[in-house]
Amino acid sequence: MSTPLEFNSARVSVVGTCNDAVSEDGARHLDDNPSVREPFTKAFFEDAVAILATKPSSAGTLLSELLLRHYGVTGAIRVLSSEAECTAEVKLLTGDQLILKTSTRPEGRDSFRFQVAALAGLEGAVSFAAPHIVRTNGAMLMFEEEKICGYLQTRISGAPLYQVTATRDVLYRVGQALAGLSLALEPLRLPAIHRPVLWHVGCWSKLMGLEEHLPPEPVAASVRLAMNNYVDSIEPQLREVAWQVTHNDPSPFNTLLTDSGVAFIDFGDGCWGPRIQDLAIAASLVVTDPSLTLGGAENLISGYASVVPLSALETKLLVGLIKARQSALILINYWRAGLFPAEAAYIKKNVGRAERGLSILSSLGVEEAELAVRRAVT
């Protein structure tokens, strides 16, 4: 029979709170004023590519056994689509719904150590919601066996942003909640924040190596223009903006509207990056209205800036980052869809949004873009 679950209520704000201690040197950037070129080397990029070029691992029939062994519960299990790990929905006999994540790949351990520490560190937040970690029978944030590791979390009930009408008010509230998430993540010092993540801005300058997978014009031309601008004008200035732990994927699929407010899920791409990166990512996928200068992203940006004001440099770089992120998404997902055609629909779930958004923003000049952001935040 299933037994009651107790959730961890301890806030994580220092390194070493997971199963394995992590040194302070391993948790911070080289000089705390990081360059996007170091330590994001060719090897870092190649490791990140290799991770997404491999199908997600699956524990298969072991999931029920792992659930019982490490948490003392049983339930109905349904495997969900996932990018790099095995994600399964668990329905307990009590009616509670949970998410079980497992991985048999070596890099999965670092990813999970980051994820569980981030989620534990966000408990108690009031301006947004996030899943809660369910402790193991041994009171650990995750379980680690010789060939597999994983963790269990609550499942948040709500409507994903992509399923609702994104009104001005909705986007403004999402922006406010995202800023709250940035503030909550800022003081956290977590393990594995420098593990290879292809979605990190440090990899974007190398993504044009995947351009053979781009769709036909005009998308391909817009991607090249945006990525060239990123390399020449945006990337060299990123070391001058604030860096911290970021979610790194607050997409419409990972942003939920619940009865109590906005929630964020799936911290698997989280890492150490420019704080403004989360705003750029979220804004990049809500650019839908060609009658507006920023395609409707104005409202999300305005909500964010009402809580976390943008610096002059962040205001200047934001639209260039948005276009680069849209281009990165197009490049990576067309490449991965070619590798895994059976999963192409899931892989490309955000591609249409990115292509539409990039088409709206492509003709926007640097000065015009900066002015539009200024208007949005004042």
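**Inside the core**

A: Leu207 touches Phe45, Leu198, Met227, Ala328, Leu331 and Ile332, leaving aside residues up to four places away in sequence. Touching, or contact, means heavy atoms within 4.5 Å. This is a predicted model: local features need pLDDT of at least 70, side-chain atom pairs count only at pLDDT 80 or more, and totals for chains, interfaces and linings use all residues. Residues are numbered from 1 along each chain as its sequence is written, and side-chain values use heavy atoms, with hydrogens and water left out.

Leu207 belongs to the largest nonpolar core, which has 115 residues. Such a core is a set of buried Ala, Val, Leu, Ile, Met, Phe, Trp, Tyr and Cys residues joined through side-chain atoms within 4.5 Å. Leu198, Leu207 and Ile301 touch the most other members. H9 gives the most to this core, with 13 residues.

Now the chain around it. The protein chain has twelve helices and eleven strands, taken as DSSP runs (helices H or I, at least four residues; strands E, at least two) and numbered from the N terminus. Of its 378 residues, 55% count as buried (under 20% relative accessible area with a 1.4 Å probe, protein chains only; exposed is over 50%, partly exposed in between).

Phe45, one of the partners of Leu207, sits in helix H1 (residues 42-52). Phe45 is buried there, along with Phe44, Ala48, Val49, Ile51 and Leu52. Why do these count as one side of H1? They cover an arc of only 160 degrees around the axis, which puts them on the same side. The arc is that of the directions from the helix axis to the C-beta atoms. Against this side pack helix H3 (106-122), helix H5 (201-204) and helix H9 (312-339).

Helix H2 (residues 62-71) has its own buried set: Leu63, Leu66, Leu67, His70 and Tyr71. Seen down the axis of H2, these fall within an arc of 100 degrees, so they line one face of the helix. The cover here includes strands: E1 (75-80), E2 (86-92), E3, E4 (133-134), E5 (143-144) and E6. Just after H2, Gly72 takes a positive phi of about 70 degrees.

Strand E2 holds Thr87, which is buried at a relative accessible area of 9%. Thr87 touches Arg78, Val79, Leu80, Ser82, Ile99, Leu100 and Lys101, again not counting residues up to four places away in sequence. Ser57 is 30 residues from Thr87 along the chain, and their C-alpha atoms are separated by 9.5 Å.

Two loops also hold buried residues. Glu235 lies in the loop between H6 and strand E8 (243-246), and its relative accessibility is 3%. Val286 lies in the loop between helix H7 (276-284) and helix H8 (297-305), with 7% relative accessibility. Val286 touches Leu161, Leu171, Gly295, Gly296, Ala297 and Leu300, with residues up to four places away not counted. Ala166 is 120 residues from Val286 in sequence, yet the two are 8.2 Å apart, C-alpha to C-alpha.

Last, the open space. A pocket is an open set of points on a 1 Å grid over the protein atoms alone where a 1.4 Å probe fits, with protein on both sides within 12 Å along at least five of seven lines; lining residues have an atom within 4 Å of a point. The largest pocket contains about 1,200 Å³, a volume being the space filled by probe spheres set on points joined across faces, edges and corners. Its lining has 50 residues, with Ser81, Ser82, Asn254, Asp266 and Tyr346 nearest the centre. H1, E3 (97-103), H3, E6 (149-154), H9 and H10 (344-347) each give two or more residues to that lining. H3 gives the most, with five.

The second largest pocket has about 280 Å³. It is lined by 18 residues; Asn229, Ile234, Gly320, Lys323 and Val366 are the closest to its centre. H6 (219-234), H9 and H12 (366-377) each supply at least two. H6 has the largest share, six residues.
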